[in-house]
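Here's a quick briefing to read alongside the model. Have the sequence and the 3D view open, and we'll go topic by topic.

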Amino acid sequence: MAQHDYINKKPGGKKAAKGKTAKPFPKFFAALTLVLISAFGYGLWYITQHGKPEVQTTSPAAPKQAEQPKVEKDLPRPPDFIKDIKDHEVKVEVKKIESQGPYQMQCGSFRTYKQAEQMKAKMAFAGLIAEIRRTEGSNGVWYRVRLGPYDTKRGAESDKNKLERVNIVSCGIWKWT
């Protein structure tokens, strides 16, 4: 079998040399380009010849002062109700919202005092002072971590949001008992 010399072989081979033809000159596009350039040149010439405004010359001996015609301004009259609005006074009854009572917030209930102290320490880092209450019930001793009393529920919600920022999300708001 004969060995082929791929290193010295010219690209394209015999087929490319035979079928090589030059592309014809694009006469249509050349003519179109020539027409567009001519039209642009004519447009520029037309603007320079006909685009100048005519200058009116006046004699310096007789300068005319422009007389301004007296125009009576018929401004619309303001409606009568505008005067009434300026002098009008609005009376509104303000209802005083009564407080529903003091609120408290409980954030945890633990079996051991140590767990309650840890929760109280986390709350202290959030800037809130909590208290731990020991309660005895039918199912044993519980240590509750509480905040309050709050005069309004809005104040309790504000502190609850502070605690949620430090990942204490187990808080509930109740009326003080």
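How many disulfides does the count come to? The count comes to one disulfide, and the partners are Cys107 and Cys171. Keep in mind that this is a predicted model.

**The disulfide**
- The sulfurs of Cys107 and Cys171 sit 2.0 Å apart, and with 110° about the S-S bond the link is right-handed.
- This pair ties together distant parts of the chain: Cys107 is in strand β1 (residues 103-110), while Cys171 is in the loop between α5 and β4, 64 residues apart.
- Cys107 has a relative accessible area of 2%, so it counts as buried.
- Cys171 is buried too, at 8% relative accessibility; the cut-off for buried is under 20%.

**Aromatics in helix α2**
- The count comes to four aromatic pairs.
- One of them is Tyr42 with Trp45: the ring centres are 5.8 Å apart and the planes are at 35°, so the pair is tilted.
- Tyr42 and Trp45 both lie in helix α2, three residues apart, which is about one turn of the helix.
- Trp45 counts as partly exposed, with 45% relative accessibility.
- Tyr42 also pairs with Tyr46, again a tilted arrangement, at 6.3 Å centre to centre and 35° between the planes.
- Tyr42 and Tyr46 are about one helical turn from each other because they are four residues apart in helix α2.
- Tyr46 is partly exposed, with a relative accessible area of 41%.

**A nonpolar surface patch**
- Phe28, Phe29, Leu32 and Leu36 make a nonpolar surface patch of about 460 Å².
- Phe29 counts as exposed, since its relative accessibility is 54% and exposed means over 50%.

**Backbone spots to check**
- Pro149 is part of strand β3 (residues 140-150).
- Asn167 has a phi near 65°, a positive value in a residue other than glycine.
- You'll find Asn167 in the loop between α5 (153-165) and β4 (172-175).
- Buried or exposed, what is Asn167? Asn167 is exposed, with a relative accessible area of 69%.

Key: Residues are numbered from 1 along each chain as its sequence is written. This is a predicted model: local features need pLDDT of at least 70, side-chain atom pairs count only at pLDDT 80 or more; totals for chains, interfaces and linings use all residues. Side-chain values use heavy atoms; hydrogens and water are left out. Helices (H or I, at least four residues) and strands (E, at least two) are DSSP runs, numbered from the N terminus. Buried means under 20% relative accessible area, exposed over 50%, partly exposed in between (1.4 Å probe, protein chains only). A disulfide is a pair of cysteine sulfur atoms within 2.5 Å. Patches are made of residues with over 30% relative accessible area and no salt bridge: like charges are joined within 9 Å, nonpolar side chains (Val, Leu, Ile, Met, Phe, Trp, Tyr) within 5 Å. Accessible areas come from the Shrake-Rupley method with a 1.4 Å probe; for residues, only the protein chains shown count as cover. A salt bridge is a side-chain nitrogen of Lys or Arg within 4 Å of a carboxyl oxygen of Asp or Glu. Rings of Phe, Tyr and Trp (its six-membered ring) pair if their centres lie within 6.5 Å; planes under 30 degrees apart count as stacked, over 60 as edge-to-face and the rest as tilted.
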